[in-house]
Number of protein chains: 2
Amino acid sequence: MTIQYAILGLLSRGPLSGYDLKKLISDSSVFYWSGNNNQIYRTLVQLDQDGWVQYTVELQASLPAKKVYSITERGLAELKSWLGSSPELPELRSDFLIRAAWLDLLDPTERMALLDRYAEDVRLQLLMEKEKNRRASLKVGDHPLNARLAGMVAENLISFYENELAWLQKLRAVLMENE
Amino acid sequence: MTIQYAILGLLSRGPLSGYDLKKLISDSSVFYWSGNNNQIYRTLVQLDQDGWVQYTVELQASLPAKKVYSITERGLAELKSWLGSSPELPELRSDFLIRAAWLDLLDPTERMALLDRYAEDVRLQLLMEKEKNRRASLKVGDHPLNARLAGMVAENLISFYENELAWLQKLRAVLMENE
DNA sequence: CCTTTCATGTAACCTGTTACATGATTGG
DNA sequence: CCAATCATGTAACAGGTTACATGAAAGG
């Protein structure tokens, strides 16, 4: 997976500036990149060279000029062809899971404290995802397929964190037995 | 999270060679790195310089000599101190989730085929994780905390894939409504 | 007054990947 | 005979991160 297709996807919904893309990517957990300038502006230059996007410069009074990018027909074709290709398996990068394997090295109070701190962070993240989803779903009145899909994407993340919390409950039980 | 602590953790269970570490890391889904030589051998050199590990060279008849690394007291202290520090939130890198957002661009049969192909891959991965876990749990007779923790780590991965499959069922239903 | 928002871009760096290099032994 | 296992290591590159640079306007 490369960030190019994420950008093409976002542009398939409508024209956006690099600045807009940066915000969308860094605010979303689905687009797992940091959303840093370097990567986004460089990718846009590259996409433009490939003929997958084009841009117009919009001059604004008192605000800096912006480049508004839109997807080209070739870009849309490329996006669709990528969509149809084989998806990779999801990758889980869990710092806590690696720690969990050596938790027996800590004393009982310390490891329980660690678990609680982590569970709290996950709970908070879950709340944030739910809130983001609530706000986003308010915007759409009727529910065309793409809005329902956006909802399903959010639901995936939400269930991911809920699943993690359920697992933490089990882990807690295991640790309690060994206190 | 850096690979150093994963290596320290593995060495905390007993001495291992770079080759052993490479295999353990590439075979496990928890250690999400590729387990390539470059990273592992370099990290070991660095850990040795830091005084967190030490090694002895074991000469073998007809097989190449190997460096057997073990964790030092300072290394163990470092590992424990890392364990006690704040864990990062888990990071989910889902290629399919990004595709899912633009699935309305494909025609109904194509998007259903994509979903099925992906679901099949996830199902297979789930089976592999279960099998790995079954084999690993056979090895241990009694169940000290570290074995139970290893079981819980495996369970986390398994529930992750099961959760994904459940979500795919829901997505399937949504797509059926729009066929 | 200081921070945030808008808006673009570059330099330096770090991490991690693939591929290359060597070479004997064992198993199908 | 070919592939895999054992065992170490390096070179080249791709991908992604942090931090720097500029500069006006609006808001607390």
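**Entry 1: the two domains of chain A**

I counted zero salt bridges between domain 1 of chain A and domain 2 of chain A; a salt bridge is a side-chain nitrogen of Lys or Arg within 4 Å of a carboxyl oxygen of Asp or Glu. The model is predicted, so I noted that local features need pLDDT of at least 70, that side-chain atom pairs count only at pLDDT 80 or more, and that totals for chains, interfaces and linings use all residues. Residues are numbered from 1 along each chain as its sequence is written, chains are lettered from A and ligands numbered from 1 in the order in which they are written, and side-chain values use heavy atoms, with hydrogens and water left out.

I then looked up the bounds: domain 1 of chain A is 3-84 and domain 2 of chain A is 95-177, from an automatic or database domain assignment. Their C-alpha centres lie 30 Å apart. Five residues of domain 1 of chain A and six residues of domain 2 of chain A make the contact, meaning heavy atoms within 4.5 Å.

The two domains bury about 370 Å² between them, 52% of it on carbon and sulfur atoms. Buried area is the accessible area (1.4 Å probe) that two parts lose on being put together, summed over both. On the domain 1 side of chain A, R13(A), S29(A) and V30(A) supply 87% of the area buried against domain 2 of chain A.

**Entry 2: chain A against chain B**

Chain A and chain B bury about 7,100 Å² between them, 66% of it on carbon and sulfur atoms. L83(A), R93(A) and W102(A) lose the most area in chain A, together 11% of what that side buries. The contact takes 69 residues from chain A and 67 residues from chain B.

I found six salt bridges between the chains. One joins the side chains of R13(B) and D104(A), at 2.9 Å from N to O. The helix α7(A) gives the most to the side of chain A that touches chain B, with 20 residues; helices are DSSP runs (H or I, at least four residues), numbered from the N terminus. By class, that side has 39 nonpolar, 13 polar and 17 charged residues. Ala, Val, Leu, Ile, Met, Phe, Trp, Tyr, Cys and Pro count as nonpolar, Asp, Glu, Lys and Arg as charged, and the others, Gly among them, as polar.

**Entry 3: DNA strand C**

I listed 19 residues around DNA strand C, and the closest are Y19(A), N37(A), N38(A), K67(A) and Q39(B); a residue is near a strand if one of its heavy atoms lies within 4 Å of it. Sugar and phosphate account for 51% of the atoms of DNA strand C within 4 Å of the protein.

A polar side-chain atom of N37(A) lies 2.7 Å from a base oxygen of DNA strand C.

**Entry 4: DNA strand D**

I found 20 residues around DNA strand D, of which Q39(A), N37(B), N38(B), Q60(B) and K67(B) come nearest. By class they are seven nonpolar, 10 polar and three charged.

A polar side-chain atom of N38(A) lies 3.4 Å from a base oxygen of DNA strand D.

Terms used
A polar contact is a pair of N or O atoms within 3.5 Å; within protein, one must be able to donate a hydrogen and the other to accept it, and residues adjacent in sequence count only if both atoms are side-chain atoms. Helices (H or I, at least four residues) and strands (E, at least two) are DSSP runs, numbered from the N terminus.
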